[in-house]
Amino acid sequence: VDRLPLSYRAKLYRDTFPQFPDSWPWVETGRWLNAIWVTGNDYRGSGYYGSYPRGYLPRVLSLFPDRVRTLHVFSGSLPPRPGEVRVDLLPNPDARADVKADARHLPFGDRTFDLVLADPPYSSLDAERYGTTMPSRLAVVREIARVLEPGGYLVWLDLVRPMYRKSELEGVGLIGIVRSTNHRVRLATIFRRR
Ligand SMILES: C[S@@+](CC[C@H](N)C(=O)[O-])C[C@H]1O[C@@H](n2cnc3c(N)ncnc32)[C@H](O)[C@@H]1O
């Protein structure tokens, strides 16, 4: 029950960012949307440890203009936006959220959202910096799958491609995120709810 084909989503990105031709997604075998985004450094960013690289959010959102209910899990310093819900455990005062909750136990019913963006701690060391422990990726991915409606999307930003249940999610995209020299390279994995 996908609403728009991946090739059309890639076209929407190209139309939104004609100035970044190197970042245009390509669609392989009609099933995989791939891209590499070199975002560059941003010293005007939120300053929050591990915050989204510059331009990450507008680029991702350009792929999903049809979204109706969006959830941000591990929202950190993200500002509020209409129609979007932010969830974080809020271990430190710099984080903000609409709902304080653990990503492993989201306080929402099944099939509540059609787009979920997740930006977990990438390691135990990262988690320590937030004052949390490293949650099991599989447990969080499964919990997100529960609150996604069929045909809905999850975009998971991490240093690894997370484990998931093939009965629940279908992997449909891989976007490499390169910030600058000497920064960790991240991967946004895109899943569609079956
Ligand atoms: C990589 S940061 C997210 C940064 C965010 N993308 C931004 O741009 O500011 C990870 C966030 O996960 C939160 N967190 C850690 N463990 C969590 C858990 N089990 N449930 C919910 N949030 C958690 C931390 O408080 C931290 O804000």
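Predicted model: local features only at pLDDT ≥ 70, side-chain atom pairs only at ≥ 80, totals over all residues.
The ligand itself sits in the largest pocket.

Tyrosine 48 has a polar side-chain atom 2.7 Å from a ligand oxygen. For aspartate 88, a polar side-chain atom also lies 2.7 Å from an oxygen atom of the ligand. Aspartate 102 faces another kind of ligand atom: an N or O atom of its side chain is 3.2 Å from a nitrogen. Each of these pairs falls within 3.5 Å, the cut-off for a polar contact. Taken alone, the ligand exposes 600 Å². The protein buries 99% of that area.

The strands were examined next. Strands of a sheet pair through backbone hydrogen bonds, in either a parallel or an antiparallel sense. Here, nine strands form an open sheet. Their order is β1-β2-β8-β9-β7-β6-β3-β4-β5, and the pairing is mixed. The edges of the sheet are β1, residues 26-28, and β5, residues 99-100. Each edge strand pairs on one side only.

Strand β2 covers residues 32-38, and strand β8 covers residues 169-178. The two run in the parallel sense and are linked over six bridges. Within this pair, alanine 35 stands opposite isoleucine 175 of β8.

Technical notes:
Residues numbered from 1 in each chain as written. Heavy atoms only, no water. Polar contact = N/O pair within 3.5 Å; in protein donor to acceptor, adjacent residues only side chain to side chain. Areas by Shrake-Rupley, 256 points an atom, 1.4 Å probe, with all protein chains shown as cover. 1 Å grid on protein atoms, 1.4 Å probe; cavity = no way out; pocket = protein on both sides within 12 Å on 5 of 7 lines; lining within 4 Å. Sits in = over half its atoms within 2 Å of the grid points. Pairing = 2+ DSSP bridges. Helix = DSSP H or I, 4+ residues; strand = E, 2+ residues; numbered from the N terminus.
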